[in-house]
Structures are given as structure tokens and as C-alpha cells.
Amino acid sequence: MVRRVTSVATTWTNWVGNQSCRPAELAAPSNEQQVASLVARAAEQGLHVRAAGAGHSFTPVVTTDGLLLDLRGLGGIRAIDAGRRRVVVGPAATIGDFGAPLWRAGLSLANQGDIVAQQIAGAISTATHGSGLRLGSFSSSVRRVRLVTGGGEIVEIGEDDPDRLHAAQTAVGLLGVITEVELEVAPAYRLRERVEQWSWDEAWGRFEELAETHRHYSFFWMPSDDSAALYGLGSAGESLADRCHVKIYDEVDESTPDSDEPRRRVGPAHVIYPMVYEPNFHELEYFVPYERGRDALGAMRELMLASLPDSVFPMEVRTVGRDNAFLSHSYERETVVISVSGTPGTDYGPYLRAVDALLGAFDARVHWGKLHFLAREQLLARYPRAEDFIAIRRELDPAGTFLNAHLEPLFA
């Protein structure tokens, strides 16, 4: 049975509270056929349809005045094939759901970020990622996907249909509602953590060397004395102004015992990755070509120092490996990830627009789940397969059922 709630009593809000909507209908299907029936009926009525994951996007990718689908009834791990290193899951399985079951099968997610509450469908739809120059986003691991398209039809897209698969790997919910996804995973691995406070010159000056040497090299740079506390970094009374909170993870074998020592932990990858954040920030995240990364970071430091106090939140710096997803930030190139945030309750728009202009000069692509100012002409210029994606979107959803006010100017 499908649970339905009318918009009279329902407002959907994302996790940080900067996006909300009052859909005409909120429905919670429990199986694929119910999803198909709901989408078909909405399309007949001329309603737009969006699917809500865990609400971890800062952009209005979910918002709709039509039908909003809550897919929590389609979660769980459905199959694990250890020999092929494949896992099949429902769209609402969270990143945290993968850890222990895969570990018991001798497997791990090839990579992940530090937030584990995201649902997998949302993570792949926005090319959510971790860090590592040789490691792609969640989208890069997708090998098969089942979708309910704009007419309520169920389609399965796999490796025998590469263009459609590369479109579906990062689709921002525009090709249809994901009802099942198959991921390629990795042999189980353990990580050793190294967390230290370095100067800017230490972290930035050797950026390429460190990124290429370690499995994961990333850092938070703090522009002021107030920055570290916003993400729970550093210690009370410790000044980290113009310093970097550096995180290095490398694989270790069984000869290295597990450890809970702070900043030097050792253990299964899914135990080491997670980190808890307060929802006290509104984040923008752009991706520049790896070979231009150091120059972009240097320019960002100067902009942020000149923009205080608006730029008080730390700048997070990571890398991501190349992939083949048409709308991915890392389509056919390694990237340097630059993340900054605005303070809720302030007019941070001018600061973030200055960041957008600066990084745009470095051919920046965007994270679809983070604040951005991408325009249609920039989409077509910076994403080589954008027009191919749009053609596939029109084929699978000719009526534009899955568009909303945020996505229509980019993808109609």
C-alpha cells in the first residue's frame, strides 16, 4: 500500500533548512510497481515529480509543487556477489548501510566521503565523492540501474548501453526515479589515519606530491581564528588562523593492528571514514582541473582573506579521479575539489558569487547537490557531453515530468 500525505499538512525541508517545498502530494511507495503507477498517474495529471533522498543537498534539486516521492520503503542491500565484486541495493540504502555487510563478504566501497547518512540514489545522482586522485565518485562505480521513466515505464540500463549508462550515472533525477542500482565495489581494505595541523605552505606547496603519494590527501584551511570551531576542528584555545587541518589516509595490511588513538586511528575503511558535522553551513563546491588546482587554491586563499568575515568557514580541499559520467564534475579529467560555505542567516550571496567568478576562470564544474550559479551556456561549455545528456533526458522524459524550476533552465 502506498502512503499518501497531501500538501495541506506537509512541507518538505532539507537537512540544513535552506530548501523547502509544499508538494501537491507526498507519497511513500514500497516497491517499484507502486513507483511506476504513481509516476504514470502524475504524468497524466500534468504534475512534475521529484524523489527525495536523505535531503543532504543544499540546492533545490528536490523541490517540487507536484508529486514528491519518499523512497525510504525501497532501501536495503538486495544481493552481494563477492566473486564479481558487485552489490545490488535499493535507492534508499544509506552509505552507512554498506559497511558491515560488505565487510563480512570481504568487500568495501571503493571510496566514500565522511557523511554516511546520504541515500545511495541521491549520492550517485549528484556525483557525491570522497577524496583520492585515483578514486572516482559514487557515480563511477554504477554498473546497472533500474529507472521509472517519465511515462511510468520501467527500464534497465547496463554496461551494454554505455551512453545511457554514463548519462544515468549522474542524472540529478532527470532521467527517472531510481528503483535499483548495482555498484562495483572493492576488496575489503583497512586504513591508517594521520591528522595533523600544518602551515599553508606545507599543505599547499607540496600539494601534487602528497596527492599522488597517498590514497587520500585532503585538508581544511582556516582563514581566521574563528574558522576551526565551525567544523569542530582543532582544540580549545588553539589558534589555527591561516593553518591547515590535514587528513592523510593510506591502506595497511593485517600486520598493523587496529587502533582508536585520536588522529592516528587504524581500522576497516568504513569505520575510519565517517565524521559528524553540525548543519550550521550552506556549502558551495566546485571542481577545477587537477593541473590548475594549485593556482586556483592560491587565488582562493587571497579572495577569502580579503572577504572576511563572510569567508569565515574553512576551505576544504580534496581530489577526485576521472570518470565517464556525462554530468560528472570529473568527466575525463582528474579534479581538485574546492568547498567553501556561507553562514546561515547572513547575506553570503555576494561572497559565493565572487568564488563562482574566480573558479569559473579555471573551467570549474559544480557539485549538483551544493550551492552553485551554473548557467546553461556554462553547462554546455564545461561539460563536453551535456548535449548528449539532454538528448537522452528528452528521450526518456519527453514531457519534462522530472524537471523543476531549478533544473529546467539548465536541462529543458
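**Strands and enclosed spaces in a predicted model**

In strand β17, glycine 267 is the bridge partner of leucine 191. The structure is a predicted model, in which local features need pLDDT of at least 70 and side-chain atom pairs count only at pLDDT 80 or more, while totals for chains, interfaces and linings use all residues. Residues are numbered from 1 along each chain as its sequence is written, and side-chain values use heavy atoms, with hydrogens and water left out.

Strands here are DSSP runs of E with at least two residues, helices are runs of H or I with at least four, and both are numbered from the N terminus; two strands pair if DSSP finds at least two bridges between them. The β14 and β17 strands sit in an open sheet of 8 strands with antiparallel pairing, in the order β17-β14-β16-β15-β19-β20-β18-β21. Its edge strands, β17 (266–268) and β21 (365–366), each pair on one side only. Helix α9 (residues 293–307) lies across β15, β18, β19 and β20, and runs at about 15° to β20 (axes are lines fitted to C-alpha atoms, for helices over the stretch in contact, with angles from 0 to 180 degrees between N-to-C directions; contact means heavy atoms within 4.5 Å).

Elsewhere, strand β6 runs parallel to β4 (residues 25–28), joined by 3 bridges, and parallel to β5, joined by 4 bridges. Leucine 68 of β6 is the bridge partner of leucine 26, and leucine 69 of β6 that of alanine 51. From β6 (residues 67–70), Leu67 and Leu69 point one way and Leu68 and Asp70 the other, and all are buried (under 20% relative accessible area with a 1.4 Å probe, protein chains only).

A cavity is a set of points, on a 1 Å grid over the protein atoms alone, where a 1.4 Å probe fits but cannot get out, and its lining residues have an atom within 4 Å of a point. Grid points are joined across faces, edges and corners, and a volume is the space filled by probe spheres set on the points. The largest cavity holds about 720 Å³. Of its 49 lining residues, Ser57, Gly122, Ala123, Thr126 and Thr128 are the closest to its centre. The second largest cavity holds about 140 Å³, and the closest to its centre among 13 lining residues are Gln112, Ser131, Ser218, Lys247 and Tyr249. Strand β16 gives the most to this second lining, with 3 residues.

Technical notes
On a 1 Å grid over the protein atoms alone, a cavity is a set of points where a 1.4 Å probe fits but cannot get out, and a pocket is an open set with protein on both sides within 12 Å along at least five of seven lines; lining residues have an atom within 4 Å of a point. Buried means under 20% relative accessible area, exposed over 50%, partly exposed in between (1.4 Å probe, protein chains only).
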